[in-house]
Amino acid sequence: MSSPDSSPLWAPSAARVAQARITDYQQWLRAHRGKDFQDYPALWQWSVDHLEDFYESVWEYFDLRSSASYRRVLDRRAMPGAQWFEGARLNLAEQVFRFHLDEPDRPAIVSRSEIRPQQALSWGAMRAQVAAAAQGLRALGVGPGDRVVAYLPNLPETLVAFLAVASLGAIWSSCSPDMGTRSVLYRFRQIDPKVMLAVDGYRYGGKDFDRLQVVAGLRDALPTLGKVVLLPYLDPQARLDGALAWDDLLAQPADPMRFEQVPFDHPLWVVYSSGTTGLPKPIVHGHGGVLLKGLQDLALQMDIGPQDRFMWFTTTGWIMWNIQMMGLLTGATVCLYDGNPGYPDLNTLWDFADQAGMTFFGAGAAYFLACRKAGIEPGRRLRSGTLKTVGSTGSPLSDDGYRWLMQQFPDVLVAALSGGTDVAAAYVGPCPVLPVYAGEMQCRYLGTAVRAYDDAGRSLEDAVGELVVTEPMPCMPLYFWNDPDGSRYRDSYFSVFPGVWRHGDWIRITPRGGAIIYGRSDTTINRHGIRMGTAEIYRVLEAFPEVLDCMVVDLEYLGRESYMPLFVVLRDGQDLTEALAARMKTAIRDNLSARHVPDAILVAPAIPRTLSGKKMELPVKRLLLGEPLDKVINPDAMSNPDCLSWYLALGESRRQ
């Protein structure tokens, strides 16, 4: 299988290549290690063949500080259970505050929300607030290993709180306040938190959502909580009986700032799987792995540094919030937006990007699709001229999505990437010194031994297979909380290919070393022996201006023929005419396979999505096959649970 398009959409200029951080890293390797590589594929091959040398070079290149030296880089190349940098003691938050000590007024955070106008928090002010918050948490009895949970929006205070928690060696975990009570409790109850930081409410799409009663309910349902800290955001006068006000937490200044020195694999945070079909998996990552891999990914692959202004539109319930925080590890200014990106229209984020002078603008692929469908032209709107990179993730970015972004920003790198909550990192994604091809992520990340496997565990070349990682990564989970024998952890990643990490996506590695993601492997459609990832079908349908969103599932009823419906959400005022349906079917037949033409095209009110924006193909399939709703989908883990009644009614009608 060869790539359909051999012409790049974009190639870096000589100046961009010369200025790239990865170019500087290669020069450092040449000067300090005597290593010289003719191109990126050769550098990648060395990085996975010589893992220990590569990650030690990353440590030295970024001059990571530790109060105790490591004894060895890696104890053994085995998964799970690999031990990295044993003996080292460090703190992730300490890395953040190594920057801009001589420029305390330089912005560390630029933020805007539907409630607050654009404002900046300087490095000096952020440092003072983090130190004070740490002092306040210390007074509440928080110390190394204690869990502090946050029910907060994407605000500067949330980043301040996280850095304070990390500086103490305590363990952070967050949920977005648009998540319902049950969904939050399913997560926080598992880790027995000592303190909860919460917001009184938020504004989304011009509507106010009071959360005081939800916070009170969470407090009552979390018996280990010693204290709730309330941030008045929606209403500056908001109070909750028995709660400590945010300003009171920060009332005692602390100087000098203290950073608890912890082992490389000391827990930093607990993040969660989507929880759409069962209790969310509480995934634990460590200080050292996040720090080391975060610097590598953001500085070397995404080319972010101290002069950049970096945003990834996210909520605190998506792993991209954690990735956004990592911008601070490089000394960059991070830009935060809280609210509906489509309110009052889809130009809102682009206007923020322009006025904040962003150099890196990141969002989910669905956002860029919505912008293209709406006919907006951000390329005409941005006047600052600072934008260098546009990042995309969450779902595969279609060929047309690449082309639309390049039409808007001809001189900007389209940095599509794919990774996961499981590793708090990407496997494949951008490289500023490589060309960009439509529909294709530029490369496998350094030190990340990504392969495509067939069902028998054989490596594939230029063919679609399971995305696997064959060598350890320092950012792999330390463990799952409350999984003492590690059985749930092993079953999640190593049950299919023992000793090899299986992520659960379909991937193809192209002959030039790029990567194409074809969607989740557990929702693959196998029609008459031909297997296809759903993302391939979506790429075809996203080219239709009439279609705002879509989802396909294959329902294999016992005793009946397979039935594959295509659900579409159409633009306002658009009807599903026979002519439009015929065009869709023809496009799928001509571009993909006659066997993957849907049996029916149904207009749906919405496509069910998780809080992080992922299509819920497998849960909907199980629901339509007759499994009970409470066994299949947790509505509190959805961004649009109101649409479920439509799918329930459809399932009932199919079974009659």
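Which helix is Thr158 found in? I looked, and Thr158 sits in helix α7, residues 156-167; helices here are DSSP runs of H or I with at least four residues, strands are E runs of at least two, and both are numbered from the N terminus.

Before going on, I noted that this is a predicted model, where local features need pLDDT of at least 70 and side-chain atom pairs count only at pLDDT 80 or more, while totals for chains, interfaces and linings use all residues. Residues are numbered from 1 along each chain as its sequence is written, and side-chain values use heavy atoms, with hydrogens and water left out.

Back to Thr158: its relative accessibility is 0%, so I put it down as buried (under 20% relative accessible area; exposed is over 50%, partly exposed in between, with a 1.4 Å probe and protein chains only). Leaving aside neighbours within four places in sequence, Thr158 is in contact (heavy atoms within 4.5 Å) with Leu152, Pro153, Trp172, Thr316 and Trp321.

Next, strand β22. I found β22 paired antiparallel with β21 (residues 418-420) over three bridges; pairing takes at least two DSSP bridges. Val428 in β22 is the bridge partner of Ser418, and Val428 also stands opposite Arg444 in β23. β22 and β23 (residues 443-444) pair in the antiparallel sense too, over two bridges. Four residues separate β21 from β22 in a hairpin, and Ala424 in the turn has a positive phi of about 50°.
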